[in-house]
Amino acid sequence: MSLMDQLFPANHKTTFVVDHTPYFGLASNSHIKMDFTKRPPGGIPPAPIFKSMWTCSIEAVLEYCRIVWDLFPEGKLIRVISSDMQSRTLNNWSSSQQNVNYMLHHLSSLGPPAKLVPNPNRDYSVVYGFRTASEAMIECTTAQMDQGAKKNNIEVQNKCRTVIITSARDNPSIDNLMSMFHNEMIKSNKYVTQPNSMSINHCHLVIINTYPDSITCEVTDRPSHPISSILDLEVHSIPASKIGIKISNLLLKHYNLASTTVTGIPMKEEQNASSSANYDVEIYHAATAHTTILNANVADAKAVVAKKEGADYETIKLKWCTPRANNNLPDIHSCTTLHRITPVDINSRPSACLITFLLNGRSVLLEMIKQGGGKSMSHVLKSYNGEIYIHTVSSGRTVLEDPPAISEGPGGKVTQYRVADFGTFMKLNLLQPTKRKQTEDKNYIDDAKEKLKKQTAYWPLITSSTIIFNLKQYTEPMLSLMVKDNISDQEVMNCKQCIYSLIAAESKNEHLITPNPSNPRKMMKKDDQYKSMWTELETFLKSNLYTENHCKVLQCLFECRGRLDEEKIIEKTLMRFKKSLADRPSVIRATTDSPMSPPLTQQTGIKHNIAHKAVAADPNSVMYLQIVQDQDNRRVNPPTRPPFAGRLKSIQKRNGNLFAKLYQHIDDDTDTKSAK
């Protein structure tokens with residue numbers, strides 16, 4: 001994501017266009033709750049009062065605005081537009097009008113939708129709000145004007161989001177609304193005047209189709225998909241009684257928010273103060289507060305994640321922990337993230353009690369219940385200057401502690417890295433600038449990479465995971481010699497001598513590893529020590545089979561250990577090496593000799609058949625075998641070239657020979673000259 005996308009994303013400017021036509025005055029299935037404490041006994045309860053579609057829609061929009069303005073005091077702007085016979089703007093992009101009280105004041109003057117009475121002289125439609133929404137989107141906010149005034153050669157992108165709440169008959173009606181909105185955007189871009197307005201670079205259009213619960217709707221949901229280079233469309237169809245749940249779900253996606261449910265909050269009963277009960281309170285905050293939980297153990301994460309009842313999103317359930325008497329919590333200093341929170345149901349008594357408790361200066365610890373039955377503190381709720389924040393508690397090493405040493409692993413666990421051996425390894429593989437120019441036939445960088453790959457084929461990181469690298473009095477110089485590309489016959493004898501010394505130590509029943517006097521029970525038995533040592537040594541030797549002499553060392557190990565079956569594998573490997581050397585002259589001849597060359601019996605020695613680029617290669621090395629294989633591949637898969645034109649235009653005679661006419665166009669040239 002670029003810098004401009006971070007400064008001015010699509011949620012920087014959000015416009016709501018709410019249908020205020022008489023159709024939205026119809027009743028929904030959502031009724032208004034009323035408590036009658038002094039109702040006479042045996043009295044008939046009053047009939048329920050249902051909310052209108054307009055009431056459900058505007059309540060959901062106001063709740064959307066409240067949550068956004070609580071979590072983002074700056075940078076996230078919302079405008080609300082109503083449309084009936086004309087469009088009415090309830091607020092603008094000014095920060096003084098970005099609050100719920102201002103919106104409620106203007107909604108009271110707007111009033112409910114008109115009565116649904118057929119009148120051909122009055123044209124009610126939500127389309128009137130499209131032009132007002134497009135004009136609002138091209139208006140520059142204060143942040144956009146300030147950024148545009150800076151001379152940093154960065155183009156400010158105008159990305160917006162528009163949410164239309166209306167009621168349509170079917171999918172073609174939705175397409176018609178989308179088309180009209182798209183046309184209004186194109187018209188508004190043509191009338192942009194600097195510096196107070198700017199063209200719309202992209203708009204995310206969300207159409208929420210709502211209807212009374214008593215009817216069925218033919219409009220289907222559509223995921224977000226592009227309509228043009230400047231418009232994306234998303235459609236949702238929902239009954240009016242559930243529009244609040246749908247808008248809450250969209251809110252989490254639009255602003256990257258997450259839900260946390262604080263469970264087990266002890267509260268006194270409102271009717272009976274002597275008893276108490278446990279309640280749950282749901283809060284919204286930035287999604288990054290859950291990163292530590294979701295990236296932890298998968299089983300523990302699944303234990304706290306639950307789907308919100310009656311909604312389409314998930315919530316993290318964290319248990320209330322009894323607050324400490326001392327408010328100066330040391331856990332605050334080991335927190336990694338801090339985000340504002342806001343309750344989902346602000347009018348409920350449990351939410352009001354929790355907010356009041358935090359605003360009085362108290363802190364609340366939240367625990368994550370693990371799947372195995374344990375628990376750990378994961379978050380802290382605390383208020384500062386009248387604003388409540390959720391803190392993510394660090395589960396590992398804190399920033400106030402000393403940095404870990406190189407001999408320590410994650411969390412401070414000592415893992416005994418082979419630091420000294422790694423230093424020696426780096427010195428042996430030190431890269432230096434070459435004095436000669438790099439030729440096409442030799443790439444020093446690739447050679448260095450290949451050397452590192454060979455030497456690290458088996459290289460344990462810690463001393464506790466290896467035995468042979470801790471027994472250098474027995475295994476050296478074998479460990480240093482076996483990683484070389486070529487070893488001589490004398491070096492083979494030195495490697496075999498190391499194997500013989502290990503055999504002698506085993507026959508004398510000597511300890512390979514000195515027992516720990518403080519805790520001898522943790523020491524491995526001698527039989528297990530030798531068994532692990534021979535297994536590791538075999539793995540090391542098998543990882544370094546480059547030439548025949550390397551194979552001889554492994555063969556010596558199998559002979560000493562009585563592994564006859566493994567000796568057959570070594571014999572096959574040696575035969576493969578010898579066969580490659582024996583076949584090499586014929587391979588070279590097949591790729592280099594011409595048809596008129598003398599027979600193979602006249603060639604003397606192998607060196608006469610070696611290519612000029614491979615003269616310096618040792619006949620026993622892997623490089624020598626690689627050269628042979630490359631030349632063999634070039635012979636089997638020759639480079640492709642265009643076919644000869646004469647062969648393509650040739651004519652086959654009766655005897656099978658091909659006849660091609662030379663200078664086919666000479667007659668054409670003669671006719672052209674005579675015509676001139």
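1. A crossing of two helices is right-handed if the near helix is turned clockwise from the far one by less than a right angle, and left-handed if anticlockwise. In this predicted model, the crossing of α2 and α3 is right-handed.

2. Now the geometry of that pair. Helix α2 covers residues 53-71 and helix α3 covers residues 100-110. Their axes come within 10 Å and cross at roughly 160°. Angles over 145 degrees count as roughly antiparallel, and α2 and α3 are therefore roughly antiparallel to each other.

3. Which residues make the contact between α2 and α3? From α2 come Trp54, Ile58, Leu62, Arg66 and Trp69. From α3 come Val100, Met103, Leu104, Leu107 and Leu110. By class, nine of the contact residues are nonpolar, none is polar and one is charged.

4. Next, the cores. The largest nonpolar core has 39 residues. Phe16, Val80, Ile165 and Ile208 touch the most other members. The top contributor is α2, with 13 residues.

5. Neighbours within four places in sequence are set aside here. Val80 then contacts Phe16, Val18, Ile58, Val61, Cys65, Arg88, Thr89, Leu90, Asn91 and Met103.

6. Another core lies apart from the largest one. This other core has 29 residues, among them Cys498, Tyr530, Trp534 and Phe540.

7. Tyr530 sits in helix α16, residues 526-542. Is Tyr530 buried or exposed? The cut-off for buried is under 20% relative accessible area. At 4% relative accessibility, Tyr530 therefore counts as buried.

8. What does Tyr530 contact, leaving aside neighbours within four places in sequence? The partners are Leu502, Ala505, Glu506, Glu510 and Leu512. Take Leu502: Tyr530 and Leu502 are 28 residues apart in sequence. Their C-alpha atoms are 9.1 Å apart in space.

9. Finally, the chain as a whole. The secondary structure comes to 21 helices and 20 strands. The protein chain has 676 residues, and buried residues make up 38% of them. Consider contacts between residues at least 6 apart in sequence: 68% of these join residues at least 24 apart.

How values were computed: Residues are numbered from 1 along each chain as its sequence is written. This is a predicted model: local features need pLDDT of at least 70, side-chain atom pairs count only at pLDDT 80 or more; totals for chains, interfaces and linings use all residues. Side-chain values use heavy atoms; hydrogens and water are left out. Axes are lines fitted to C-alpha atoms, for helices over the stretch in contact, and angles run from 0 to 180 degrees between N-to-C directions. Helices (H or I, at least four residues) and strands (E, at least two) are DSSP runs, numbered from the N terminus. Angles under 35 degrees count as roughly parallel, over 145 as roughly antiparallel, 65 to 115 as roughly perpendicular and the rest as oblique. Contact means heavy atoms within 4.5 Å. Ala, Val, Leu, Ile, Met, Phe, Trp, Tyr, Cys and Pro count as nonpolar, Asp, Glu, Lys and Arg as charged, and the others, Gly among them, as polar. A nonpolar core is a set of buried Ala, Val, Leu, Ile, Met, Phe, Trp, Tyr and Cys residues joined through side-chain atoms within 4.5 Å. Buried means under 20% relative accessible area, exposed over 50%, partly exposed in between (1.4 Å probe, protein chains only).
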